[in-house]
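Hello,

The sequence and structure are handed over here. My notes follow below.

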Amino acid sequence: MTTPTPHATGPTTPAGATATRLRNGELRAMVAKVLADDPAAAHTPGSIASALNRSSGAVGNACRALTDRGQAEVVTVAPVTYRATATTASAAAPAVTPGSSPAPRPRRPKRASTAPAAPLPTPAPSATGSTTTRPARKVTGPVKRPNGMDYHPRLLSGMPDVTALQRLRDAGVAALLYGPPGTGKTSVVEAAFNDCLTVQGDGDTVVADLVGDYTKTPDGDFVFVHGPLVRAMRAGVPLFIDDATLIPPTVLAVVYPAMDGRREIIVKANGGEVVRAEPGFYVVAGHNPGVHGAILTDALSSRFPCTSRSPATMPSPNSSGSTRRPCGWRATSRPGRRKARSGGRRSCGSCWRSRSSPTRGTSTPPPGTWSGSRRKRIASPSPPWCATYSARPSPHSASVPALPPNPEPAPANPSRKARTMSAHFTADPTATGAAVFPARPEWLTLSAAFADEVPVIADRDDLVVSVAPGAGGGAPACFYPHRALIEVDGDHLGVDPATVDPANLSDRARYAPAWGALTHECGHAKHTAWEPPDGASPAVVAAAMLLEEPRMEAAHIRRRPDDRHWLRACVQGIVATDLHLYADPATAPKMTAADAAHTAALLLGRADGWVLTHAEVYPVARVVEDVLGTEVLGKLRAVWRQALRTADDAGEEMLDLGRQWCEILGTDPDSPDSTSSPASPGTSDTSDGSPGPGAPVNPSPLADAIAAVLGSVAANVAGEKAPEDPAAVAAAAKECEDAAARKAARVARGVFSTGGPPDGDTLTAGTRPPTPEEHTAARVLARALDTAGTRERVAVRTTSQVPPGRLRMRGVRAAEAQHAAGAVVTAEPFTRTIRKPVPVPPLRVGIACDVSGSMGWARAHVASAAWILANAARHTRVHADTASVIFGHHVRPLTHPGKPPAEVTEFCSRDNYEDIPRALDALDGALGLSRPGAARLVVIVSDGEYRATPRRNGQKKLDRLRVSGCAVLWLTTSDTDTPLAGATVHILTDPTMAARAIGHAATTALRAAAHR
């Protein structure tokens, strides 16, 4: 083999110079030029790497790429050498000299916390005129994948998804793509990075599949072949880990050091080799949620600051879809979450957006408020500022002279004012809120407590909550989307804020209107994901925002049905504020088309959205129909029902519905709001004429109907049962079950220890020796129980370095390679399969026999069956426990648990009462029939003719056993008997078959438990 001498004219890097980062394909062209300059020589990757001052791993990848393209050929395998072909010169044509290599990319300056970030400095051009920042490929159409297929990019944050991935790589932000199979996760990665290496993950993936392993060469030696992780790190190319969540976490942990600040891994199998990541190394992972075995651990998710859900369809970059759709990427790193809670914006590589809106800017939350679920207190300014900007005087605010509020800047477009349609929802980005900061600390504590619950309700963790008297901008609550702020008026709380515990669901009913107002604003934060565009008609925007109210609440209860109660609880305050019902009689709704339409949207729209009921809003519906007419009301109803079916981010569709609303009412689209529509014939105000100055104003019939409906809804909500805390319900159920178990244990001690009271007609009649047939029946039943409890053994496979076991040659070769390399031998070539027995669940059977006068037929047969069952439990290999009782006025034992009787106990049947509840308690307390973990059966022999009280209580006891999983068999001789509900009834045509029926039920119960 001849090692070529590097040519002076080749694309080399001077000694001692730092190898700069190359663009895609440049290293391959440089390698091709070295091969083409000496086509007769055989070159090793190491010699080429020395000539180019590049990594031998990267050069090896370039050589393999040239070989795959037919632009080079392999001469020898060990060591591997390459030689030029006839087409190598064409591959070397685009090569660049080291002087044209781009300079290292400058760091992005940190963003200032109080001032806008300074623009990045313009990079100085290199010798060839290229900039220092690698530009993302401009995507104007389909992108060719390595397999030759076209990939059609989809829109992501206003740019093609391939461009977004390339920018994330430039920013060094690892991305996790998740979505159902077949949604294009692999395709977008291949389209964005044509030089990426792929690892297909599954449950059998091992560390060697990532970092490499020893392999045997044709001459018998062992060489270590590096895996895709090492090759990608050395070549500075992306690594795509497909189905990463199927890989065992202990195996995937080898990638973590390469992704964090260390940027290096240690290959233990190759003598502790240290591999450092070259610039350009980037990790993308794919995750199929819902696939069996896919586990997204905290360690894995924390390594990916950016995650993206891959939907089935997304608008393409060239489509006419709205580019205001929220970005599909979200930051998941812990610093990103803290930044979002403090009012900042999240970063997705070079794509910046606000969590609550794609166009909203950053803002600092109000001082003294609380952000997110970690109760991070935002520092308050000086005390004089904390006492100002109060919407109205409050006894809880500090007594400091208020400063004049800042004048509101003039809106940038005519639709700016129209954006504030509801008093409790402000889409105006210049709105600042009431900013009331009380001096009492309990309001700050309450704000923090509300903020802890908001992420669950709104599905957002960047919202700031402020609860104080006078907050909310004159409404019970208000949401400021551009500030991610929710203000709740403390005057609507109705209770002492120091006693409020919103984490307890049962406590929320005390302040239901305030909690409902908070829930309503959380619904806006989650579902109002569109904004009116600049230049939109003010009246159209106002109508669209009006329709947004019922649409948002309907969407919220579809996502969280239990919140319907709280949304109903706040209807009175929210709707009254929107309609100015109680603020001033002069501003209350009149008998005009505009007021009637406004009322219909807020109340009738909520009824169609299943927040209210049609019966509750009927008084308003009747008055509205009188004002608008049936035809106009029908058209408006069609519009708001269409709005109820509109998506959260369909802003254009909502504006179109607002335009239809204005056309139906005859509203001028350029008017300040929708209340300026002219009154059409038959829709004029039918209330009293305009009174003179100082004269009292009588409310209109419409205002009276609204007040009646709101009062009726409030009364209905007060009578409804609020959603209960599942934890509290579970705790109460557990306490009730524990009390029932304690009572059953107490009854069992009284029955099986003392035999019950000595008086009464519930009597035993002595004992007798068992017959040979009874002995035979006991052993036959024991063998049947053994068969029913048999379970197949479970095969457990283990590996070891020494025998015993089956020798695997792959493990032997791995051990020899590790030993030859001087590494620690970790291979385990011996495999052993052990079949372990599976434990059989125990069996617990209880028999309760009625001894009233009508049950004389059962005396001899039940006594025999009780003895047979008890002795079968002694002979079987299954751990079995049985007990039998008779019940009348009292409950007396026939057989005791854990004590097989030597003789058969007989009894009398002449009682006139049936205490079945106590009998079931005695069996439950003695055998644990209500406790899971065993095959359980209770057999009741009775005709079911009980008095009302024991029947009702016995049904409760029986239901409790059935709910816990205990089987119930009811034996009787007539189809006219009345057994308790829920029991499996077996009619005995021959009373002598009672023992066989009980044994068959016991084996069935054991077989069912053994095969679960």
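**Notes on the structure**

Aspartate 786 sits in helix H25 (residues 772-788); helices are DSSP runs of H or I with at least four residues, strands are runs of E with at least two, and both are numbered from the N terminus. This is a predicted model: local features need pLDDT of at least 70, side-chain atom pairs count only at pLDDT 80 or more, and totals for chains, interfaces and linings use all residues. Residues are numbered from 1 along each chain as its sequence is written, and side-chain values use heavy atoms, with hydrogens and water left out.

Aspartate 786 is buried, at 13% relative accessibility (buried is under 20% relative accessible area, exposed over 50%, partly exposed in between; 1.4 Å probe, protein chains only). Its side chain makes a polar contact of 2.4 Å with the side chain of threonine 876. A polar contact is a pair of N or O atoms within 3.5 Å; within protein, one must be able to donate a hydrogen and the other to accept it, and residues adjacent in sequence count only if both atoms are side-chain atoms. A polar atom of the aspartate 786 side chain also lies 2.7 Å from the backbone nitrogen of arginine 877.

Arginine 641 belongs to helix H21 (residues 630-644) and is partly exposed, with a relative accessible area of 36%. Its side chain and that of aspartate 608 are joined by a polar contact of 3.0 Å. Leucine 547 is 94 residues from arginine 641 in sequence, and 9.3 Å away in space, C-alpha to C-alpha.

Aspartate 213 is in strand E9 (residues 212-216) and is partly exposed at 32% relative accessibility.

Regards
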